[in-house]
Amino acid sequence: MKRRIFLQALAASGLGVGVIGYADTFARALPWVKSGATVAHPIYGMSDEPEWLLDKATGKYRRNPRYILRHTGDLQCHSECGLRVKIDAGTGRIARIIGNPYHANTRDDFLAYDMPLNETARLPGTVCARGNTGLQTVYDPYRITVPLKRSGPRGSNKWQPIPWEQLIREVVEGGKLFADIDDPMGKDVEVKGLRTVHAAQDQLIDPKAPELGMKSNRLVIQGGRIKSSRRAFQTRFAHAFGTINEYEHTNVCEITHHIATEMVYPHKHVVKPDIRKSKYVMFWGTSPGDANFPMQTIGKYVAEARTKGAKHVVIDPVLHRGGVVGDYAEWVPLKPGTDGALAMGMIRWIIDNGRHNSGYLSRPGHQAAQAAGELSHTDASHLVIVEPDHEEEGTYLSAHLAGLGDDEEAHVVIAAGTRKPALAEQASEGSLDFAGQVNGLRVKTAFRLLKESAHKHSLEEYASICGVHAERIAALASEFTSHGRKAACEFYRGIVKHPNGFYNGQAVHMLNVLIGNLNWAGGITGGGGSFNWKKGRYDLSTDIPKPKGIHINREGARYEDSSEYQAKVARGENPYPAKRPWFPSTFNIYSELLPSIVEGYPYHADILIWHMATPFYSVPGQHNDELLDKVKDPRVIPLIIASDIVIGDTSMYADYLIPDTTFMERWVQIGMHEATMTKGTTVRWPVIEPLTKTTADGRHFSYETFLIDIAEALKLPGFGDNAIPDKDGRLWPLHSREDFYLKATANVAFDGDPVTPADPEDIDTCDLESVRKRFDKSLKPEEWGSTLMVLSRGGRFEPYENVWHGDRVGHPYNHRINLYAAEVAETRNAITGERFPGVARWRTPATIKGTPLDQLDPAAQWPFTILTYKGSLQTHSRLSSNTILREIQPENWLEMNQDDGTRLGLEDGDWAWIETAHGKRKGRVKLRQGVRPGVITFSVGYGHWGYVASHIDIGGRRLEADKIRSAGIHLNPIMRRDPDVWQMSLIDPVGGSAVFYETRARITPADKAEATA
Ligand code: SF4
């Protein structure tokens, strides 16, 4: 059936409350199809009129009355660039998307916050191709606008539209929800509804293991891209419900990057180079112009820096778009996963040649650093206990253990002048390279530990490991240390999505630390920070007590503290291995949720909610029949609810689908990325009327509306009447999204000095009076003016002049930097019992049990390594509906080195099989020089099976598949899993990242019949 006829049939079938107009919604959803109409203008064709009109008499611009302009935040990728959205004032439809010129992502010289909107007419910001095509995400013809319930077995993609009230009633009350459909496995399952699971919040999961917490933890919320205030909204619900199990996606993204950063820079998950003022920037596992945050901005900064003579180096097995070569750029194609070896080789060379900044590193405290004119200080001279088998081995030497008083927290150094132990905070200078005894305990400085770690291998050995000549390692180290503080290393997921990812990341951070570049212009910055959306006018912090218990993925907890471990020890058994790993130093271990739920380790789940979550597409090795069969079985997970904008690759396996809003129809308050060095908060808000249908009281269906209605049905705290306290103690209701997010916006507007109220002309340009009228009761009258100002600018941003203060960054980071990760050194691998080291080092990539991957899949059988990348024309899993992007690049390829292809008899465009330990896929080959031999890479975002890439049945009628969405190849499903833990991706046991870059493979040309099949 053709899509349009199908929709008409749906409308004719009268599918109940909330379905009326379903066909109309789809029928409106084709803004780019204008064929058959007479062109409106002989030159401009069907182009829209401009949004600004020039008054020739005054020379001023004014809004074209046919359009309104609104500013919001993008989500076509996580860069969250500010957008200017041109909206047809008559139809309410988006006509065009450009950059918000007040936003630092989109203009290097972003505009003054108080500049009137009409003065910005000729000063637009930029967006990338994905940003431009965002309206195709919004107007995807296959958007779901009403709730759906499966009408066949799980995963059959058979659905029935249902009224909102039925959705809420059924998931709250449970019962035999699928007794009347053709579902042999599920029809007899008595589903526990949310009410029953919530009511079990005073019953222990296991009285013999009380630390697991209460049975209400059996609701698991697996979120995807849900950040900042939206995440807080989800957390608010989870805590009110009584579950600790509420997550976002980060371990398939970059969690090890965050953990490695936090261990070096406490309280920070991201630090970035000040690219524009730098002389030399090394990009490790990323390149300017691909992925990274903010993608378009970093690309522009690098281009600008190069015009001023700066050089950038891309260290990656693949030369991507931003890795141009020439006088001002260099590509170092090292072996995959060996970044730690290259970095440790550089560290060795730097220390051996005295090129580290010893004056900086020897300042042990804040005051000593300030007195010496430094902008930060480190633990390089702090002493660490290395006394074997001492109960404090691996921790910093405390004043108490050093015999310097009672303080068990204060660190100790060897004072450089007296050569005697002294309190780190009081000494002006500490000995850097010390090993000896203090108060009978063997100790070493953190710097000494790093030096010894670097000396574990010769430069030649490091060269052999990483495939970069020793001379070149030395040259890189020499050049990096030749620009004073105006050099920096940047890294991203390419170096951390490996089993040794944490130590790779820690080693690269050490390069920055050794030259002391933090807070200096051209060095490293912790970013500008953000305005407070949580508190101020209203208290939106989650003050509902966090439920107790162990996370179902065992993050943030030590196996050694569990009843399971202690019971094994009490029985005289070796407590290792645990059934699955525990992750004491990290969080958001998304890839472990489904296998843990299915295995029931440490407990089962009754209800799973997916929001923007697609583990089957994104998690390495997880889309396989064995796991799918478990997830499809309602006896294993009795209830799965998904919130999505379309029926996606994973949400197709749910029992119920909640129609969600897109980024143009929803809210968030989110801080600026560190790279811009700007203090600011982007406010994403519904700049158009959402396409989803509404509840009886007029609220659009969305994830938040669902959570609110569940919370009100269960009478959860923090929702309903009297939910949100204001600064005077008055309680305000939370019945709608706006009750929460408008208050968050008011908090941003009034943080510190309030922003001036919006100008009437700006209010008119953005049509903000309609917002005020519609949600008038969500704020106090006196708050609306400043709140509308924030909406009119798409957020709140400080002046550009604050980015630098002379030769320093405008917003310094003030905590101590750590060469030594004491927190990590106190933890163990729950499978092997091995204690994790606290100092950077080279670690051979291995399984969780320690089998080197080169042994697991020997090169003789598996000569290639698969890498993945996120190009500039797709996002991980969401942009298959953006047909304009698909016109630019309709499919992706198996990209490999020209010589490898020739050796295998392959030519550009040939079809080939790629095979791994877990299966094989067929793809078209692209031969390039910019891929290291022995490497295969592919761009994610292609090869979907959901998103209507395969056919769907709704209400007994068939909707044919859209082949554009299934085009290309996706290799995540055949990526390597760890052989020793059921259905676990290879994983970094410290940082927790799922491993994307260590799957060994072989390539065989497809024969003629296969190629055309
Ligand atoms: S980099 Fe492009 S896709 Fe990403 S937020 Fe910015 S404009 Fe949007």
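In this predicted model, R1000 is buried, its relative accessible area being 10%. The cut-off for a buried residue is under 20% relative accessible area, so R1000 falls within that class. R1000 forms a salt bridge with E998, and the closest N and O atoms of the two side chains are 2.9 Å apart. E998 has a relative accessibility of 2% and therefore also counts as buried. Side chains of opposite charge can pair when their charged atoms come close.

The structure holds 64 salt bridges in total. One of the bridges joins the side chains of E51 and K86, with an N to O distance of 3.4 Å. This pair links distant parts of the chain, the two residues being 35 residues apart. E51 lies in the loop between helix 2 (22–27) and strand 1 (52–55), whereas K86 belongs to strand 4 (residues 82–88). E51 is buried at a relative accessible area of 7%, and K86 is buried at 4%.

A further salt bridge is formed by R448 and D433, whose closest N and O atoms are 3.1 Å apart. R448 is located in helix 13 (residues 446–454) and D433 in the loop between strand 18 (421–423) and strand 19 (435–438), so this bridge ties together parts that are 15 residues apart in sequence. R448 counts as partly exposed, with a relative accessibility of 23%. D433 is likewise partly exposed, with a relative accessible area of 33%. In the case of R1000, by contrast, the value is 10% and the residue is buried. Salt bridges that share partners join D433, K444, R448, K451 and E452 into one network.

Aromatic side chains were examined next. A pair of aromatic rings is described by the distance of the centres and the angle of the planes. The count comes to 26 aromatic pairs. In the pair of F233 and Y741, the ring centres are 5.8 Å apart and the planes stand at 25°. Planes under 30 degrees apart count as stacked, so the pair of F233 and Y741 is a stacked one. The pair links distant parts of the chain, with F233 in helix 7 (residues 228–241) and Y741 in helix 23 (residues 737–750), 508 residues apart. F233 counts as buried at 1% relative accessibility, and Y741 counts as buried at 0%.

Y396 and Y820 form an edge-to-face aromatic pair, with 5.7 Å from centre to centre and 75° between the planes. This pair also links distant parts of the chain, the two residues being 424 residues apart. Y396 is in the loop between strand 16 (383–385) and strand 17 (412–414), and Y820 is in the loop between strand 32 (808–809) and helix 27 (822–825). Y396 has a relative accessibility of 12% and counts as buried. Y820 is buried too, with a relative accessible area of 6%.

Ring pairs also link F233, F237, F241, W667, F719, F740 and Y741 into a cluster. Charged side chains are placed over aromatic rings at two sites described here. The charged end of K743 sits over the ring of Y538, at 5.4 Å from the ring centre. The charged end of R1002 sits over the ring of W862, at 3.9 Å from the ring centre.

The residues around the ligand are D74, Q76, C77, S79, E80, C81, V127, C128, R130, G131, M295 and Q296. By class, this shell has five nonpolar, four polar and three charged residues. Helix 3 (129–132) and helix 9 (295–307) each supply at least two residues of the shell.

For the protein as a whole, 32 helices and 40 strands are found. Of its 1013 residues, 64% count as buried. The C-alpha atoms fill a box of roughly 85 × 75 × 70 Å, taken along the principal axes. A compact globule with 1013 residues would have a radius of gyration near 31 Å, and the 29 Å of the protein agrees with this.

Conventions
Residues are numbered from 1 along each chain as its sequence is written. This is a predicted model: local features need pLDDT of at least 70, side-chain atom pairs count only at pLDDT 80 or more; totals for chains, interfaces and linings use all residues. Side-chain values use heavy atoms; hydrogens and water are left out. Rings of Phe, Tyr and Trp (its six-membered ring) pair if their centres lie within 6.5 Å; planes under 30 degrees apart count as stacked, over 60 as edge-to-face and the rest as tilted. Helices (H or I, at least four residues) and strands (E, at least two) are DSSP runs, numbered from the N terminus. Buried means under 20% relative accessible area, exposed over 50%, partly exposed in between (1.4 Å probe, protein chains only). A charge sits over a ring if NZ of Lys or CZ of Arg is within 6 Å of the ring centre and within 35 degrees of the ring normal. A residue is near a molecule or strand if one of its heavy atoms lies within 4 Å of it. Ala, Val, Leu, Ile, Met, Phe, Trp, Tyr, Cys and Pro count as nonpolar, Asp, Glu, Lys and Arg as charged, and the others, Gly among them, as polar. A salt bridge is a side-chain nitrogen of Lys or Arg within 4 Å of a carboxyl oxygen of Asp or Glu. The radius of gyration is taken over C-alpha atoms; the globule rule is 2.2 Å times the number of residues to the power 0.38.
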